[in-house]
Structure formats: C-alpha cells, structure tokens
Amino acid sequence: MKRPALWLIVLAGLALVVLLLWLAEAYRSSHVKEQFFLSVSFEHSNHTKTPCAQCHHNFTDQTGGGTCYNCHKYSPDVMGDMEKTFHDFCFGCHVTKRLEGEDSGPMRECSGCH
Amino acid sequence: MKSPAELHAGRKPAPHALKFALLLAGCMLAPVFVVSLYPSPPGISLFWDWANAMGYLVVANCLFLFVYKGRVRTFPAYSGRFFANLHRDLGYITVVLLAAHIGLLLAVEPLLLEHLKPTAPLHMVSGSLATILMLVLFLSSIPPVRRRLWRDYHVFRHVHAIVAVTVLGLLLYHILVSGFYLNSQWKRGLLIVATAAVMAHYARGKVFSATIKAAPVRESRKYSHKFSYGCVVVALLGSFSLAFLSNIEWRNLSD
C-alpha cells in the first residue's frame, strides 16, 4: 500500500471539520426553536446612560415593532443566532465598560442575568 | 551521525533534560500567558478563569502532540521508546485537562449544561464535538482496543492522525469564535500563525520517518513520566497564578 503524504492527512482532517460543523449547524438551525425561553433579568434603570435606539435598533432601522424577543426568539430569520447575538451584545458592552474602568453589568457569569 | 540512542548510551545524567523540561513547560504555558496580555480579558472569577486556562493548556498540548508525535527526534537525545511514551503520557494528560476544563466550569455554573446541548451556539457545539472525538482518539489508542479495531497498525495511525487534525480544527473554532480570551486581532492572528506553523512542520515530515528502536537505555523510557507529569504540575500552578492575578487586579480597580 502506498502511504498517503501527510499533507493529505491534514486536508482530510480539515475537510472533516467543515463537514462536522456543517452538519451540526444544520441540526441546530432546525431544532433551535424547541429551546425553551430562558428568563433574563434586565433593568432599564441600570442602562439609562445608553441611548434607547442603541439597543432598540428597530426604533430607527425600520425592522418592525414589538419587543426584542418577539423578533429575536420567534422570527425564523434571526432566532438561530439569538443566544450569540444577545450574549455578544450584552457582555460586549459590559466587558468594554469594565476595561475602561467603569461600572458595568455581569460579564459571563450566567447567574448575573439568568 | 550518531543515532539519538547512541548519543545517550551510558550517559547519566540525561542530556537535554533541563532544556527539554523548560521547552515543554514553556510551550504549555505560552498560550495562557499570551492570552492574558494586552488587552487583558477581565477576570470573571478565580475558578472560572482557571478552568478556561486549562482549556488553553489542552490546545497547547494538542499542538505539542503534533510535533512530538511518537517518532524519534534528535532533541532530546533519548531512545525511541521515550518519544512513544511521551506522546502517550501527554495524550492522557490532555484528556484529564479537558475533563477538568468542563467539570470545573459546570461545577461553578451549572447553567452551562445548556451549552452542551446540540442547540447551543455553534462555537460551543464545536467544543463538544472536539471532546467526543478526543475521547475516541484516547480510547481507540489503548493497545488492546487498538489491536481489536485495526489489525494493521498503519491504518490506525492514519485514522488517528486525521481525527487529531479534526480535533485541533474544532478546538480552534471553539476558542476563536467564542473570543472570550482571544479578544484582539493580534492574539487571534498569533494562534492561527502558530497552528499553521505546527501543521506545516507536521505535513513536511514523512509518514514513517523512523521506526521505533528497542530502547537500549532502559531508564530513558521512564523519563517521559517525569517530564510530562512534572510539566503539567508547573503548567497548572502557572495558569492558576495567572487566573488569580487577573482576578486580583480587577478587585482593586473597582474598589
């Protein structure tokens, strides 16, 4: 048997990565709607320094009306990435504020929000 | 040129021992250290950050295992068995570190069970897939199991190598996309460059560059335990201190 060159092994491994992630994403996007809604503690009183439209982007960008979760949890276009979208959005600001040495909310400790 | 085994024959104390120990501990700790540089990710909590540091030790070990892949190398100048044992020991350690990464995080935040579901964000699913495949690598390489699965040792090696590359790829996706600690372009770039370099080094090697020689120096096969377990203790202490520092700093600032 002729031995395969090692770069073929590397390529095969990378192809497998792409395949697995693709399969996982296909499964995820068709089952994510079964995920129950996890309650979040969010207080506007902690966020008065931020302009409304920075969070309520739909006030200005004409995406529509309703609360965040009406769209992000239940609209098929965006629900697949809801968790990542909100986590990046919420921690993102909290981490930035923390790096600037200001007060901020929970970074990743789940109990801070859920 | 003398073979590594000949170089070593009859010599005590072992040549390269200190240098190799430094290299191993350094390679394990380097990612944890780099990640804590500017812009330092704010500490979450001591055990949370330590658990994630152990995750980085897993990645470092995986890269190291591609270089010390069980084949004879000229550095350190030990017999072939040493390298086979080193690869095995570091492999076992990687599995234990991975278990610690997951176990400790779940103990600190049980809600993280949500991230083990297949509906979790893809960068977390990627971590779970890497875990499953790493268990496959580990279990299928235990000699009695391996011999049962593959009569031909070479087939085992190819499968093992392909799955190992897959694990590495999934791990990179997991840490790059979650982006908690690799929080700047230069950190992400460095990781990608380092991985590409290791892969290029690996791919340039020949599949069977040297056969494992019977160990002429009996004691050198035991060195692998000392190096690998010794270095992992160093790495755990080092990562714990870094996690500790990143948490101290913030407590002072927010006072």
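1. At a relative accessibility of 9%, B:Pro41 counts as buried, since the cut-off for that class is under 20% relative accessible area. This assignment, like everything else in this note, rests on a predicted model. The residue B:Pro41 sits in the loop of chain B that runs between helix H2 (17-35) and helix H3 (46-67). From B:Pro41 to B:Trp150 the C-alpha to C-alpha distance is 45 Å, and 109 residues separate the two in sequence.

2. With a relative accessible area of 7%, B:Pro121 is buried. When residues up to four places away in sequence are left out, B:Pro121 touches A:Arg28 and A:Glu83 of chain A, together with B:His115 of chain B. The C-alpha atoms of B:Pro121 and B:Leu86 are separated by 35 Å, the two residues being 35 apart along the chain.

3. The crossing in which H4(B) passes H5(B) is left-handed. On the H4(B) side the contact is made by B:Tyr92, B:Thr94, B:Val95, B:Leu98 and B:Ile102, and on the H5(B) side by B:Thr131, B:Met134, B:Leu135 and B:Phe138. Sorted by class, this contact of H4(B) with H5(B) has 7 nonpolar and 2 polar residues, with no charged residues.

4. The residues of H3(B) that make the contact are B:Tyr56, B:Val58, B:Val59, B:Cys62, B:Leu63 and B:Phe66, while H7(B) contributes B:Ala164, B:Val165, B:Leu168, B:Leu171, B:Leu172 and B:Ile175. By class, the contact of H3(B) with H7(B) has 12 nonpolar residues, with no polar and no charged ones.

5. Taken as a whole, chain B has 9 helices and 0 strands, and its elements, read along the sequence, follow the pattern α-α-α-α-α-α-α-α-α. Of its 255 residues, 49% count as buried. Among the contacts in chain B between residues at least 6 apart in sequence, 81% join residues that are at least 24 apart.

6. Chain A has a secondary structure of 5 helices and 0 strands, which run α-α-α-α-α from the N terminus on. Buried residues make up 20% of the 114 residues in chain A. Of the contacts in chain A with a separation of 6 or more, 40% are accounted for by residues 24 or more positions apart.

7. On the overall dimensions of chain A, the radius of gyration is 20 Å, whereas a compact globule of 114 residues would have a value near 13 Å. Taken along the principal axes, the C-alpha atoms of chain A fill a box of roughly 70 × 35 × 30 Å.

Key:
Residues are numbered from 1 along each chain as its sequence is written. Chains are lettered from A and ligands numbered from 1 in the order in which they are written. This is a predicted model: local features need pLDDT of at least 70, side-chain atom pairs count only at pLDDT 80 or more; totals for chains, interfaces and linings use all residues. Side-chain values use heavy atoms; hydrogens and water are left out. Helices (H or I, at least four residues) and strands (E, at least two) are DSSP runs, numbered from the N terminus. Buried means under 20% relative accessible area, exposed over 50%, partly exposed in between (1.4 Å probe, protein chains only). Contact means heavy atoms within 4.5 Å. Ala, Val, Leu, Ile, Met, Phe, Trp, Tyr, Cys and Pro count as nonpolar, Asp, Glu, Lys and Arg as charged, and the others, Gly among them, as polar. The radius of gyration is taken over C-alpha atoms; the globule rule is 2.2 Å times the number of residues to the power 0.38. A crossing is left-handed if the near helix is turned anticlockwise from the far one by less than a right angle, and right-handed if clockwise.
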